[in-house]
Amino acid sequence: MKTKTPLLYAGLAATVLLSAGPLYFMLVMASRVNDEIVSLPPPFTLGGELMPNLDRVFSNADVLFGQALLNSLLVASVATVCVVMTSSLAGFAFAKLKFKGRNALLLFVIGTMMVPVQLGLIPLYMLMTKLGLNGGLPSVTLPFVVAGFGVFMMRQFAEQAIPDEMIEAARVDGASTFRIFFSIVFPALRPAAAVLGLLTFMERWNDFLWPYLTLDAEHPTVQVAL
């Protein structure tokens, strides 16, 4: 077993500082006026304009920034929950269930990861228009409730983390497939599900192009509002 040396803790502390540095600098800039932001050298301490700056942002009737934050939180949260559940179910099926065409279907799912997002913007916009969803939050949520990357990731993790003998033992005891999934498989997938959830939430929160195309001025997300 490797010992925890002071050098290890020093390295971890340096990593934390480097990761937190941009966040701190963002807070410093938010607490300054424009002239101080563009000054050289830039300020590295907090100023006294944080609350007035925040008040100007949230009181701007043309931007609806508070509503945009809530919209992004709702869209990202719903998409994250859906992706984690659908990817876990599909990953379990591809890894542990035997059915005809499994490998071909998995190759198709992996193939969807190779298609650039930009190629689907026009067909997706036309589909949302036909469904009457353009302009509202469902148009930026429904297309992203399933992710090919998530399915592949959960399949790979399930293949290694869940022994076939455990599933067979549950079947001998009379457990259904869904009971096996929720009682045995999903608890074992929690580490991968946490990583997938984090990646999905960040992706949906930071998405700009599709929300910019489909949302109206009354339903902005935070990136569109910015």
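Phe 92, Phe 181, Phe 182 and Phe 186 form one aromatic cluster. The rings considered are those of Phe, Tyr and Trp (its six-membered ring), which pair if their centres lie within 6.5 Å; planes under 30 degrees apart count as stacked, over 60 as edge-to-face and the rest as tilted. The structure is a predicted model, in which local features need pLDDT of at least 70 and side-chain atom pairs count only at pLDDT 80 or more, while totals for chains, interfaces and linings use all residues. Residues are numbered from 1 along each chain as its sequence is written, and side-chain values use heavy atoms, with hydrogens and water left out.

A pair of aromatic rings is described by the distance of the centres and the angle of the planes. By the pairing rule, the count comes to eight aromatic pairs. Phe 201 and Trp 205 form a stacked pair, at 6.0 Å centre to centre and with 20 degrees between the planes. These two residues are four residues apart in helix α10, and are therefore separated by about one helical turn. Helices (H or I, at least four residues) and strands (E, at least two) are DSSP runs, numbered from the N terminus. Phe 201 is partly exposed, with a relative accessible area of 26%, and Trp 205 is partly exposed at 24%. Here buried means under 20% relative accessible area, exposed over 50%, and partly exposed in between (1.4 Å probe, protein chains only). The rings of Phe 208 and Tyr 212 are also stacked, because their centres are 5.2 Å apart and their planes are at 25 degrees. Phe 208 is partly exposed, with a relative accessible area of 39%, whereas Tyr 212 is exposed at 52%. A charged residue is placed at another ring: Arg 204 lies over the face of Phe 144, at 3.8 Å from the ring centre. This requires NZ of Lys or CZ of Arg within 6 Å of the ring centre and within 35 degrees of the ring normal.

The nonpolar cores were examined next. A nonpolar core is a set of buried Ala, Val, Leu, Ile, Met, Phe, Trp, Tyr and Cys residues joined through side-chain atoms within 4.5 Å. The largest core has 17 residues, of which Phe 92, Met 154, Ile 162, Ile 180, Val 185 and Leu 189 touch the most other members. Two or more residues are given to this core by each of α4 (65–96), α7 (148–161), α8 (164–172), α9 (177–188) and α10 (190–206). The largest share, four residues, comes from α4. Leaving aside neighbours within four places in sequence, Val 185 is in contact (heavy atoms within 4.5 Å) with Phe 92, Ile 162 and Ile 180. A second, separate core of nine residues includes Val 75, Leu 124, Val 140 and Trp 210.

Helix α4 also holds Asn 71. Asn 71 is buried, with a relative accessible area of 4%. Apart from neighbours within four places in sequence, Asn 71 is in contact with Leu 137, His 219 and Pro 220.

Rolling a probe the size of a water molecule over the atoms shows where empty space is left. On a 1 Å grid over the protein atoms alone, a cavity is a set of points where a 1.4 Å probe fits but cannot get out, and a pocket is an open set with protein on both sides within 12 Å along at least five of seven lines; lining residues have an atom within 4 Å of a point. Grid points are joined across faces, edges and corners, and a volume is the space filled by probe spheres set on the points. About 830 Å³ of space lies in the largest pocket. Its lining consists of 25 residues, of which Thr 112, Val 117, Phe 144, Val 146 and Glu 203 lie nearest the centre. Elements that give two or more residues to this lining are α5 (102–112), α6 (121–130), α7, α10 and α11 (209–214). With five residues, α10 gives the most. One cavity of 30 Å³ or more is found in the whole structure. The largest cavity holds about 30 Å³ of space and is lined by Val 75, Val 140, Arg 204, Asp 207, Pro 211 and Thr 221.

Most residues other than glycine have a negative phi, and most peptide bonds are trans. The peptide bond from Leu 40 to Pro 41 is cis, with omega near -5 degrees. Pro 41 is placed in the loop between α2 (34–37) and α3 (50–58).
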